[in-house]
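Student: I would like to go through a structure feature by feature. Please give me the idea behind each reading and then the case at hand.

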Amino acid sequence: MPPHTRGGYTSTAPRRRPTGSEHRRRVQLREVEPEHPRHDRDETEEVLEGAPGGPIDRCILRSFHKHVAAKIWLGEDRAPLKLVNHGAKLQLWELDIERSRIYETVQRSGLAPLISCSHRVASRPMLSAFCERWQPETTTFHLPFGEMTITLDHVASILHIPITGSMISFSQPLRVDDANALLVELLGTTDVEASRETEQCRSPSVRLQWLRENFSTIMDVSSDDDIEFATRAFLLHLVGCTLFADKSATSVRVVYLELFRDLSMVGSYAWGAACLTFMYRQLTTATRFEVRQLGGYLTLLQAWIYEHFPEMFSSPDMSYIESRPCALHRL
């Protein structure tokens with residue numbers, strides 16, 4: 001018979017079957033042994049109880065107690081959100097016939113539709129109301145008749161930008177020193193100019209106004225290097241005003257400049273997927289009661305609402321022309 005272990009010692013003696021009296025004594029001891037409460041989960045885990053005016057069981061909507069809708073139910077109202085919308089700023093940097101070389105590259109990038117389809121005005125009450133219906137855990141709008149959300153198919157039809165291709169991601173945050181180096185390398189600025197700009201922004205970012213002031217005057221007669229610098233600056237300005245408009249309301253992160261290093265590869269990125277991800281993140285942030293701003297590409301959100309709720313638009317036009325972005329129908 002193989003050895004067995006008991007109490008840390010190995011025994012070679014054969015195991016003895018308990019007698020009937022021993023077995024009865026063990027049963028009696030088990031019956032009088034006090035019961036201890038079971039801990040099926042970590043004691044630090046939050047007990048998910050129902051929320052007033054919200055879900056009875058918060059096993060899915062775990063953060064609902066922090067949601068603006070929960071506060072509104074308790075009588076704490078929030079004013080309409082301040083919107084970060086740069087539609088008007090895009091008109092301050094036009095690519096006319098004297099800048100055709102820049103425009104041709106922008107056209108090949110797949111981002112050219114953003115120039116013409118961006119809404120100059122966004123509705124604060126309407127977008128704020130839909131933001132109150134957004135649930136971060138499900139990434140959907142919870143409406144009286146069910147749930148709805150913005151999909152990649154909507155992005156493609158509304159904006160006409162690429163939704164397939166290489167994913168846009170960055171392994172780590174960009175430091176200010178690295179941002180300065182990128183500005184010198186890819187935009188041709190001096191070290192002093194780059195440092196001064198990032199210091200003014202107090203982050204690895206540059207102002208949209210600074211990009212316009214330094215690069216919007218470059219025309220086709222300029223050198224090839226200057227044309228490349230101006231094209232990268234224009235594209236950075238374009239995504240900063242649209243796809244990646246953040247709550248700074250005046251600047252754009254320099255890290256996006258890395259995407260324009262090789263201008264021939266700009267059209268290979270899944271810009272629509274990045275835009276939708278960024279919009280989801282901005283909506284999620286804005287569901288917190290203490291937040292007062294909404295960033296992201298608001299043209300996408302507003303045009304999506306008009307497409308599915310046309311009665312909210314002053315002059316609804318349900319026509320669809322496949323060759324044109326749907327956002328153009330709601331300007």
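Tutor: What follows takes the chain as a whole, then some helices, cysteines, aromatic rings and single residues. Keep in mind that this is a predicted model.

Student: Where does one begin with the chain, and how many helices and strands are there?

Tutor: Begin with the overall counts. The secondary structure comes to 12 helices and 9 strands. The chain has 331 residues, and 43% of them count as buried. Its accessible surface is about 18,700 Å², with 52% belonging to carbon and sulfur atoms.

Student: What share of the contacts joins residues at least 24 apart?

Tutor: Taking contacts between residues at least 6 apart in sequence, 71% join residues at least 24 apart.

Student: How do I check the length of a helix, and what span should H7 have?

Tutor: Compare an expected span with the distance between the end C-alpha atoms. Helix H7 covers residues 176-187, which is 12 residues, so at 1.5 Å a residue it should span 16 Å. The end C-alpha atoms of H7 are 16 Å apart, in agreement with that.

Student: Which residues of H7 are buried?

Tutor: The buried residues of H7 are Ala179, Asn180, Leu182, Leu183, Leu186 and Leu187. Around the axis they cover an arc of only 160°, so they lie on the same side of H7. They pack against helix H8 (191-201), strand E7 (205-207), helix H9 (208-215) and helix H10 (224-241). Just after H7 comes Gly188, with a positive phi of about 75°.

Student: Next, the cysteines. How many disulfides does a search of the whole structure find?

Tutor: The search finds 0 disulfides. For Cys117, the nearest cysteine sulfur is that of Cys275, 9.7 Å away. A disulfide needs the two sulfur atoms within 2.5 Å, so Cys117 is in none. Cys117 is buried, with a relative accessible area of 0%.

Student: How is a pair of aromatic rings described?

Tutor: By the distance of the centres and the angle of the planes. In the whole structure, a search finds 14 aromatic pairs. One of them joins Phe145 and Phe309, whose ring centres are 6.4 Å apart and whose planes stand at 40°, so the pair is tilted.

Student: Where do Phe145 and Phe309 lie?

Tutor: Phe145 is in the loop between strand E5 (140-143) and strand E6 (146-148), while Phe309 is in the segment after helix H12 (298-308). The pair therefore ties together parts 164 residues apart in sequence. Phe145 is exposed, with a relative accessible area of 59%, whereas Phe309 counts as buried at 11% relative accessibility.

Student: At what angle do the ring planes of Trp210 and Phe215 stand?

Tutor: Their planes are at 75° and their centres 6.1 Å apart, so the pair is edge-to-face. Trp210 counts as buried at 7% relative accessibility, and Phe215 is buried at 5%.

Student: Which residues do ring pairs link into a cluster?

Tutor: The cluster consists of Phe130, Trp134, Phe141, Phe145, Tyr280, Trp304 and Phe309. It takes in both residues of the tilted pair, Phe145 and Phe309.

Student: Where does Pro80 lie?

Tutor: Pro80 is in the loop between helix H2 (68-73) and strand E3 (82-83). Pro80 is partly exposed, with a relative accessible area of 41%. Not counting residues up to four places away in sequence, Pro80 touches Arg124 and Ser128. From C-alpha to C-alpha, Pro80 and Met126 are 8.7 Å apart in space, and they are 46 residues apart in sequence.

Conventions. Residues are numbered from 1 along each chain as its sequence is written. This is a predicted model: local features need pLDDT of at least 70, side-chain atom pairs count only at pLDDT 80 or more; totals for chains, interfaces and linings use all residues. Side-chain values use heavy atoms; hydrogens and water are left out. Helices (H or I, at least four residues) and strands (E, at least two) are DSSP runs, numbered from the N terminus. Buried means under 20% relative accessible area, exposed over 50%, partly exposed in between (1.4 Å probe, protein chains only). Contact means heavy atoms within 4.5 Å. Accessible areas come from the Shrake-Rupley method with a 1.4 Å probe; for residues, only the protein chains shown count as cover. The expected span of a helix is 1.5 Å times one less than its number of residues. The arc is that of the directions from the helix axis to the C-beta atoms. Rings of Phe, Tyr and Trp (its six-membered ring) pair if their centres lie within 6.5 Å; planes under 30 degrees apart count as stacked, over 60 as edge-to-face and the rest as tilted.
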